Amino acid sequence: SLSRWVTTSGVGRSIGTLESDAGHVRTLLDTGAGSGALRTLCAAMSNDAQSANDQLPAPDARITQLLAHAYALEYDSAQACYRDGTGQAVHLAHAATERAAARRLFVEVLGRIRALTKHTVSTTTVPGVPVTGTGFG
C-alpha cells in the first residue's frame, strides 16, 4: 500500500534531504565558499538524488512519474552545480531552474500522498527540526 511505501521508502526524508542540500548550495554561493566545498556538496546532492530514485517505483504510478522526474532534475542540478565549481553563472542558473522545477514536483507529490492516504508526510531530516529556507519541514 502507499502508506507502507511512504514509511519504508523514506520518501519524506529523501525530499527533505534534497531540499536541504539545495539550501546549503545557496548558502555556499551566498557566502562565496570555495569551489572545493561547492563541488563536495554537489557530489553529495547527486548521490542523494540517485539514492532517492532507487526507492522507486511507488505503488501509485503518478507519484512514481512525478518523483522520477523530480529526482532526475535534482541529479541534473547537482551535476550542473558540480561542473560549475568555478562560478560560471550559466551552470548556476541552470541548476537553480532545475531545483525550482523539482521543488514544484515535490509539492505535488506530497499533496497527492496526503490526498490518497489522508496523512501528511514529514520532510524533516532530523526529528523535530524543520528543513529551513526551503518551504519544507
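Biologist: What share of the contacts in the protein chain with a separation of 6 or more comes from residues 24 or more positions apart?

Modeller: In this predicted model, such residues account for 71% of those contacts. A contact here means heavy atoms within 4.5 Å.

Biologist: Which elements does the protein chain have?

Modeller: The protein chain has 5 helices and 0 strands. Read from the N terminus, the order is α-α-α-α-α.

Biologist: How much of the protein chain is made up of buried residues?

Modeller: Of its 137 residues, 44% are buried. That word requires a relative accessible area under 20%.

Biologist: Why is Glu-19 called buried?

Modeller: The relative accessible area of Glu-19 is 0%. The limit is under 20%, so Glu-19 counts as buried.

Biologist: What makes Glu-19 and Arg-103 a salt bridge?

Modeller: Their closest N and O atoms are 2.8 Å apart. The rule asks for a side-chain nitrogen of Lys or Arg within 4 Å of a carboxyl oxygen of Asp or Glu, so this pair qualifies. The two residues come from distant parts of the chain: Glu-19 is in helix 2 (residues 11-31) and Arg-103 is in helix 5, 84 residues apart.

Biologist: Is Arg-103 buried, partly exposed or exposed, and why?

Modeller: Arg-103 has a relative accessible area of 22%.

Biologist: Why do Arg-112 and Asp-60 get the accessibility labels they have?

Modeller: Asp-60 is at 14% relative accessibility, under the 20% limit, so Asp-60 counts as buried. Arg-112 is at 31%, between 20% and 50%, so Arg-112 counts as partly exposed.

Biologist: How do you know that Arg-62 and Glu-108 meet in a salt bridge?

Modeller: The N to O distance between their side chains is 3.3 Å. The cut-off is 4 Å, so the pair passes.

Biologist: Why is the pair of Tyr-71 and Phe-106 called tilted?

Modeller: Their ring centres are 6.0 Å apart, within the limit of 6.5 Å, so the rings pair. Their planes are at 55°. Stacked needs an angle under 30 degrees and edge-to-face one over 60, so 55° makes the pair tilted. Tyr-71 is in helix 4 (residues 61-84) and Phe-106 in helix 5 (residues 89-117), 35 residues apart. Both Tyr-71 and Phe-106 are buried.

Biologist: Which residues touch the most other members of the largest nonpolar core?

Modeller: The core has 34 residues, and those with the most contacts to other members are Trp-5, Val-11, Ile-63, Leu-67, Tyr-71 and Phe-106. Helix 1, helix 2, helix 3, helix 4 and helix 5 each give two or more residues to this core. The largest share, 9 residues, comes from helix 4.

Biologist: What is Ile-63 in contact with, leaving aside its neighbours within four places in sequence?

Modeller: Its contacts are Leu-2, Trp-5, Ala-58, Val-109, Arg-112, Ile-113 and Leu-116.

Biologist: Which residues of helix 1 are buried?

Modeller: In helix 1 (residues 2-9), Leu-2, Trp-5, Val-6 and Ser-9 are buried.

Biologist: Why can one say that the buried residues line one face of helix 1?

Modeller: Seen down the axis of helix 1, they fall within an arc of 105°, so they line one face. Arg-4, Thr-7 and Thr-8, on the other side of helix 1, are exposed.

Biologist: What makes Arg-39 a charge over the face of Tyr-82?

Modeller: Arg-39 lies over that face at 5.4 Å from the ring centre. The distance limit is 6 Å, so Arg-39 meets that part of the rule.

Methods: Residues numbered from 1 in each chain as written. Predicted model: local features only at pLDDT ≥ 70, side-chain atom pairs only at ≥ 80, totals over all residues. Heavy atoms only, no water. Helix = DSSP H or I, 4+ residues; strand = E, 2+ residues; numbered from the N terminus. Buried < 20%, exposed > 50% of the residue type's maximum accessible area, 1.4 Å probe, protein only. Lys NZ or Arg CZ within 6 Å of the ring centre and 35° of its normal. Arc of directions from axis to C-beta. Core = buried A, V, L, I, M, F, W, Y, C linked by side-chain atoms within 4.5 Å.
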